[in-house]
Structure formats: structure tokens, C-alpha cells
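Good morning, and thank you for coming.

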Amino acid sequence: MAEQLVSGRRVLVVEDEMLVLMAMEDMLADLGCTSIAVAATIEKALALIRAELFDVAILDVNLDGHRSDPIAEALSERGIPFVFSTGYGDKGVSDAFRNHPVLSKPYDHRQLMLALTGLLEPSSGLESRGTPA
């Protein structure tokens, strides 16, 4: 059941470390995600959020020394559920986003699947509501 919730989903991955990004793309493809868009900068992520529809997003907290809060705000405004991905644990997340789940690096395929299904389960109230500009 859990993998069925993730299969076919459109995912935005915001990550600035190439090796981490490649591993995430592989895991998401293994889970059956049909569209995986990637961004390594705040500007690129915001442009993708304005231009495309996403079911869920995975958001690194620190992008080359810059906090990803503007991206989290844009995702929240569009109703796109997201999980933070960070090596800092929940201490790295801004107070404004403390209610969002955190996926602690390093993580594996199973942990990623559980984080995404937690966002996508209808009972969570966080199912996709993303809309383009």
C-alpha cells in the first residue's frame, strides 16, 4: 500500500549536493515516481514551483549556505506537502516550519518511502493540492 501512494507521483527535489541528489533520484525512480524535477538553488526551485505541478517535495534545509525558507514558504502557499532533508536534524529547521517532517541524512530507501507516504496519505490532510501560476 505504501509504495502505491508514491508510485506515479511528481516530485520536486531541492538539493545542492550532487551525490545526495543522484542517490535520491535513484530511490525515487525505484519507488515509481513518474516525474522528478531537481533544483540546487533557491531561484531554480522557485521557478519550478511557479511553472510545474508537484505532488510532494523534498527540501534540503541548507543550499550552499542559504536557508531554504523561501522555498518552504512557496510550497506552503501552493499547498504542496514537503519534507525537509537535512544532516542537522530538526534543529536545522526554522521555527516557522517546525510542524513539517524532517528526514535526517543519511537516509535509506525505506526511510524516504515512509516520509513520502506520510505526506501523501489521505488521512494526513497533506495530500497534493499544488496548482501552477
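Predicted model: local features only at pLDDT ≥ 70, side-chain atom pairs only at ≥ 80, totals over all residues.

Let us begin with the face of helix α2 that is turned away from its buried side: it carries the exposed residues M18, L19, D26 and D30. Here buried means under 20% relative accessible area, exposed means over 50%, and partly exposed lies in between, with a 1.4 Å probe and protein chains only. Helices (H or I, at least four residues) and strands (E, at least two) are DSSP runs, numbered from the N terminus.

Residues are numbered from 1 along each chain as its sequence is written, and side-chain values use heavy atoms, with hydrogens and water left out.

Which residues of α2 are buried? They are L21, M24, M27 and L28. These residues cover an arc of only 130 degrees around the axis, and therefore sit on the same side of α2. The arc is that of the directions from the helix axis to the C-beta atoms. The cover over the buried residues of α2 includes β1 (10-14), β2 (35-39), β3 (56-60) and α5 (109-120). Contact, here and below, means heavy atoms within 4.5 Å.

After α2 comes G32, which has a positive phi, near 95 degrees.

One further feature involves M22, which lies in α2, residues 18-30. M22 counts as partly exposed because its relative accessibility is 38%. Together, M18, L19 and M22 make a nonpolar surface patch of about 340 Å². Patches are made of residues with over 30% relative accessible area and no salt bridge; like charges are joined within 9 Å, and nonpolar side chains (Val, Leu, Ile, Met, Phe, Trp, Tyr) within 5 Å. Accessible areas come from the Shrake-Rupley method with a 1.4 Å probe, and for residues only the protein chains shown count as cover.

I turn now to charged pairs. Side chains of opposite charge can pair when their charged atoms come close. A salt bridge is a side-chain nitrogen of Lys or Arg within 4 Å of a carboxyl oxygen of Asp or Glu. By this rule the count is 6 salt bridges.

R9 forms a salt bridge with D55, with the closest N and O atoms 3.8 Å apart. R9 lies in the loop between α1 (2-6) and β1, and D55 in the loop between α3 (42-51) and β3, so the pair ties together parts that are 46 residues apart in sequence. D55 also forms a salt bridge with R10, where the closest N and O atoms are 2.8 Å apart. This pair too links distant parts of the chain, since R10 is in strand β1, 45 residues from D55.

Is D55 buried or exposed? At 7% relative accessibility, D55 counts as buried. R9, at 21%, counts as partly exposed, and R10, at 28%, is partly exposed.

Another pair is R98 with D95, whose closest N and O atoms are 3.2 Å apart. R98 is partly exposed at 42%, whereas D95 is exposed at 63%.

Two further residues deserve a brief comment. T86, in strand β6 (residues 82-86), is buried, with a relative accessible area of 1%. Leaving aside residues up to four places away in sequence, T86 touches D60, V61, V102, L103, S104 and K105. N62, in strand β4 (residues 62-63), is partly exposed at 25%. With the same exclusion of residues up to four places away, N62 touches D16 and Y88.

Finally, the chain as a whole. The protein has 5 helices and 7 strands, and its elements run α-β-α-β-α-β-β-β-α-β-β-α from the N terminus on. Of its 133 residues, 44% are buried. Among contacts between residues at least 6 apart in sequence, 67% join residues at least 24 apart. Thank you for your attention.
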